[in-house]
Amino acid sequence: MREIRYDRFGGPEVLTLHTDAPTPDPEAEEVLVEVSFVGLNPLDYKIRDGSSGRSKGLELPAGTGREMAGVVIGAGSGLDAAELGSRGLTPGTRVFGMRGPEDARGVAAEVIAISADDLAPIPGEIPDEDLARWAGLSLVGLTAIATVQDTARISEGESVLVHGGTGGVGQLLIPMALEDGASSVLATGRAANAERIRELGATPIAYDTTDWAEEVQRLTDGHGVDVVLDTHYHSTFLPSLDQLAPGGRIVALPSLADLSPALERGVEARIPAIVPGRDRLDQLAQGIRAGRYPLEVSEVLPLAEIAQAHRRLEEGHTRGKLVLDVRG
Ligand SMILES: NC(=O)c1ccc[n+]([C@@H]2O[C@H](COP(=O)([O-])OP(=O)(O)OC[C@H]3O[C@@H](n4cnc5c(N)ncnc54)[C@H](OP(=O)(O)O)[C@@H]3O)[C@@H](O)[C@H]2O)c1
C-alpha cells in the first residue's frame, strides 16, 4: 500500500511516498481503516522538523499525520461483530478521528490500524463529497473544545479576542466561544479574511492593515477583553497582555509557548491539552451536522504532494484546513 514516511528530521523534502508499505495488522481493540482523506496540522511539520516535544524519542523512520476520515474494513481481537456494532463501527462504516496523544504512528497511508476509542462514525446523511472536512475536524475540534471548555472556561457575558480567527482552530473557537455565552468575539486575521470572520460570528480586526491593539481598545471603549485565545502567539502574546480587562486571562495554543511574561504580571495564562475520546468526537459530529461548526476546507492535495502541503502549512496563513486525498 502507499504510505508517507520520513527517515530523518528535516524540511518537507524528507517526506517520502512509499508504494510497497505492508498493510498493518490491527492489535487488540484496534480497527483497520481504509483512509480516504488526511487532515494536516502545524503539529505535523513541528514533529517532522524535530522542533516539537513529540519529536523527542520518536523512532525513525516514522509515519506522519494525526487525523483522517475513512472506512472501517476490519478489526483486531476484542472487537467482535457485536462489539463493533454497539460502537457503530461495523465494516463499511465511514469514520473520522485522530490518533491519541500517546500514539506516535502516522495516518498518511492507504490503510491504518487505530484504536477504536479514537474513532467515531460519520452520520449516514453526510455526502461523500463532504468527507474531506470530516478528515480535518478531529484535531482542531478537540483542541477547540479543550481551549474553550477546559482551559478558558468561558462563561456567560464575557468578551473574547481570538488571534487567527480563520485558521483551523480559530474557525471553531469563534462559534464555540459564542455557544458558551461570550457576549462578543473579536478576531484578528488578514484583511482578506475579514468577511469569513464575520460569517463565523465575530468582529474582524485586520492585523495587516490596522494596529490591532488600538482596534481592540476602540471596539471595547478602552476596557479590553476578558479572555484572549491566542492561536498565533509569536507576535501577539505579549501585546495581548495589555488588552486584557482587569482579572482577564489568556490561553496560548502552541504547546511550547512561554507563559512566564503573563504569570510574572499575575495574569492567568494556560496552554490547552487535548482530551481524546469518543464523547468529544460525537460532540463535534453533532455540531457539524447541525451547521454550528462551519469548518472550511481551503485546499485538497493528492497524497503524493504532501511536501508541497507542508510548505503551505509552514507559511502560517492556512484558511480552515488543508487536506490530503489518499484515494488511489
Ligand atoms: N495545545 C494544543 O494541544 C494544540 C492543538 C492544536 C494546535 N495547536 C497549535 O495552535 C496553533 C494554531 O493551529 P491552527 O491549526 O489553527 O493553525 P493554522 O490553521 O495554520 O492557522 C494559523 C492562523 O494564524 C493566523 N495568523 C498568522 N499570522 C498572524 C498574526 N500576525 N496575527 C494574528 N493571526 C495570525 C492566520 O491568519 P491569516 O491567514 O489571516 O494571517 C491563521 O488563521 C499552532 O501553533 C498549533 O501547533 C496546539
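A pocket is defined on a 1 Å grid over the protein atoms alone: it is an open set of points with protein on both sides within 12 Å along at least five of seven lines. A molecule sits in a pocket if more than half of its atoms lie within 2 Å of its grid points. By that test, the ligand sits in the largest pocket.

The model is predicted; local features need pLDDT of at least 70, side-chain atom pairs count only at pLDDT 80 or more, and totals for chains, interfaces and linings use all residues. Residues are numbered from 1 along each chain as its sequence is written, and side-chain values use heavy atoms, with hydrogens and water left out.

Start with the shell. Near means that a heavy atom of the residue lies within 4 Å of the molecule. There are 26 residues around the ligand, and Lys-46, Arg-190, Tyr-207, Leu-253 and His-317 come nearest. The shell has 17 polar, seven nonpolar and two charged residues (Asp, Glu, Lys and Arg count as charged; Ala, Val, Leu, Ile, Met, Phe, Trp, Tyr, Cys and Pro as nonpolar; the others, Gly among them, as polar).

Helix H1 (42–48), helix H4 (138–152) and strand E10 (184–189) each supply at least two shell residues. These elements are DSSP runs, numbered from the N terminus: helices are H or I with at least four residues, strands E with at least two. Both domain 1 (3–137 + 295–325) and domain 2 (144–270) contribute to the shell, so the ligand lies between them. The domain bounds come from an automatic or database assignment.

Now the backbone contacts. A polar contact here is a pair of N or O atoms within 3.5 Å. A backbone N or O atom of Arg-190 is 2.8 Å from a ligand oxygen. For Gly-167, the corresponding distance to a ligand oxygen is 2.9 Å. A polar backbone atom of Leu-253 lies 2.8 Å from a ligand nitrogen. The protein covers 90% of the 930 Å² of accessible area that the ligand has on its own (Shrake-Rupley method, 1.4 Å probe).

Finally, two backbone details. The Leu-60 to Pro-61 peptide bond is cis, with omega near 0°.

Notes: A polar contact is a pair of N or O atoms within 3.5 Å; within protein, one must be able to donate a hydrogen and the other to accept it, and residues adjacent in sequence count only if both atoms are side-chain atoms. On a 1 Å grid over the protein atoms alone, a cavity is a set of points where a 1.4 Å probe fits but cannot get out, and a pocket is an open set with protein on both sides within 12 Å along at least five of seven lines; lining residues have an atom within 4 Å of a point.
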